[in-house]
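Here is a short note for a colleague opening this model for the first time. The points below can be followed in the structure one at a time.

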Amino acid sequence: VSVNIKKFLNDNEIIINECRLNGGYINIFTDTQGNSNMNIFPPSEPDTIEESSEFNYGIDLALLKLNEVSVNYTDLSSNMLANVDDLSLLAKGSMNSNSIIGDVDLALNELIYSQSSDSLSTEIIVNDFKIDGNAEMINNNIKTNLTTSSSDLLYNSGNQLATLTNLDLSYIGDINNFETLNGNAGASINNLTFSMGNENLIDNVDLRLILPLNANISTMDFELGKSQIALNNIIIDFIGSLAMPDSNDINLNLNINTNTLIVEEVIDLIPESMRKELLDGIDVKGELQLIADINGTYNSPSLPIINAEIAYDKGFFAMPELLPYPISDIKTSLKLDLDLNNKSDIYVNLLKANMSNSSLNMTGTIKDVMNKMICNINMKATADIDELYSYIPEDIKANGIVNLDVQAAFNNEQITNMDLMKTKIKGEVQWDDMHIAYYDTITADANKLNISINI
C-alpha cells in the first residue's frame, strides 16, 4: 500500500497511489451467537464530545488491484455459506464531501452461495462473473455506464430450478435522487430454463431486451422509448407509458408491433402441460403479425381498450376429430376494436381458406361482439358435398359441388331464436352435378341447380 503522507497532513487529502493484493485468502466467519471474526476491536467507551458528521477529507485512489483472491464467508447463525474463487479487481476513483467518482473492473471465476432452513434450501452458482463500468455521483445524482456479465448461472430453491448462459446486463444513464432513472437499459440471456417440480415452464429461451426509459420508482411511472423484447425469433417492438399509481391499477398507453411470427415457434413457448390441455389433437401452423394500441386501466373490474390489426398467412389448421380434412392456405386480415367494458367490434378485411376441394372467401363486420353480435357478411364459398358427408344426416345422401355467393345481415338474437324472417340475406346458390336422396325413396338429380335468395 502506498499513501502520500504530505497531502494527508498538509492538505486534508488522502491520496492512495496504489494498493495491491496478489493471491490472498479472506475468511469471514460468524458463529451461532452472531460473533464475527471481523470484530477485532474492543467495545469503545461513550464519547463525551459530540462528533461532527461532516467528512473533511478528500480521497484520491489512483489504483486498487486485487489479483486471484479467494473469499470464504460462513455465517452459522443463519446457515449461510458463500465462496468466491479467483477474484480480481481493478479500481480507481476519488471522493469528497459532495461527490464520488469511480471506475471499476471486477471479475471472479466462480461464486457459490447457499442458505438453508428447516423448510427451504437455496443454492446459487455464478461462473465467470464480471462488472465493468464507471460512475459519477454529485450530491444525490448519479451518472453511470455499467455492464454486468456471466457465462452461466444456476438458481435452485425448493422445487424451483433456473439456469441460463451468457448473461449480459447494462445500464447507461442517470439516477437522480435515488428514485428517477433516465437512460438505456439492456439485457441478453441465452438458454434460459425454469422449472417447478417436474414441469418445465421455460425451456431454452434466448432473451434480448432494449429499454430506453424515464422512470420514477417512487410513483411507479415509466415512460418507454422505442423498446424491443425478443424471445428466440419472436421480436416485439413497443413504445409508450406504464404507471401503477396504487396496488390495484395499472395505467397503460402502449403501441406494440411484432415481426412475422412463426406460429409453431410461439406455441413452443407455451409450457408443455398447457399445450396438451389447449391443443390436444390440434395442429396449427402459419405466419402471424400483430400491431396494437393499448390504452386504459387494468384492474379487477376493467380492462384497457385494445385496437389491433392481425394478419395471418400460410395458415394450417387440422383437428381430425372435428374436421374431415385439414384447413389450409388460410389468409386473414382482421381489425379489432376491443372494449370489454363497453362494446367490441371486429372488422374482417379478408378471410380465405381451403379444405381439400372446398374453399371460403369472406369479408365483413361483427359489431358488439360480446352482446348483440350484429353481423354484416359478404361470403363466397365452394363446397364439395362428398367431403362434407360427416355433417350430413345419415338418412340423406348427397353429391355435387355447391357454389355460394351471398350477403347477409343478422344478429345473435335472430340466429338464437331461428327468426330468419328478420334477417337480411341476398345471393345466389349454384349446385353442379346435383344428386340428393332421402331414405333412398325420394331422389333429385340435376346437372345444375340455381337458387336466388332475397330475404
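1. Met355 stands opposite Ser358 in strand 20. The model is a predicted one. Strand 19, residues 345-355, and strand 20, residues 358-367, run antiparallel and are joined by 8 bridges. The hairpin of strand 19 and strand 20 has 2 residues between the strands, and in this hairpin Ser356 takes a positive phi near 55°.

2. Strand 20 also pairs with strand 21, in the antiparallel sense and over 9 bridges. Here Lys367 stands opposite Ile374 in strand 21. The hairpin of strand 20 and strand 21 has 6 residues between the strands, and Asp368 takes a positive phi near 50° in this hairpin.

3. Asn378 lies in strand 21, which covers residues 374-384. Is Asn378 buried, partly exposed or exposed? With a relative accessible area of 40%, Asn378 is partly exposed. Leaving aside residues up to four places away in sequence, Asn378 touches Asn361, Met362, Thr363, Val406 and Gln407. Asn378 and Leu167 are 211 residues apart in sequence, and their C-alpha atoms are 53 Å apart in space.

4. Ser188 lies in strand 10, residues 180-196. The relative accessibility of Ser188 is 18%, so Ser188 counts as buried, the cut-off being under 20%.

5. How many salt bridges does a search of the whole structure find? The search finds 8. Side chains of opposite charge can pair when their charged atoms come close.

6. Because Glu287 lies in strand 16 and Lys314 in strand 17, the pair ties together parts that are 27 residues apart in sequence. Glu287 is partly exposed at a relative accessible area of 24%, while Lys314 counts as exposed at 56% relative accessibility.

7. Asp345 is buried, with a relative accessible area of 9%. Lys343 is partly exposed, with a value of 40%.

8. Asp419 is partly exposed, its relative accessible area being 26%. Lys422 is exposed, with a relative accessible area of 58%.

9. Which residues make the nonpolar surface patch of about 420 Å²? The patch is made by Tyr298, Leu303, Leu340 and Met370. Leu303 is found in the loop between strand 16 (283-298) and strand 17 (305-318). At 32% relative accessibility, Leu303 counts as partly exposed.

Technical notes:
Residues numbered from 1 in each chain as written. Predicted model: local features only at pLDDT ≥ 70, side-chain atom pairs only at ≥ 80, totals over all residues. Heavy atoms only, no water. Helix = DSSP H or I, 4+ residues; strand = E, 2+ residues; numbered from the N terminus. Buried < 20%, exposed > 50% of the residue type's maximum accessible area, 1.4 Å probe, protein only. Patch = residues over 30% accessible without salt bridge, like charges linked within 9 Å, V, L, I, M, F, W, Y side chains within 5 Å. Areas by Shrake-Rupley, 256 points an atom, 1.4 Å probe, with all protein chains shown as cover. Salt bridge = Lys/Arg side-chain N within 4 Å of Asp/Glu carboxyl O. Contact = heavy atoms within 4.5 Å. Pairing = 2+ DSSP bridges.
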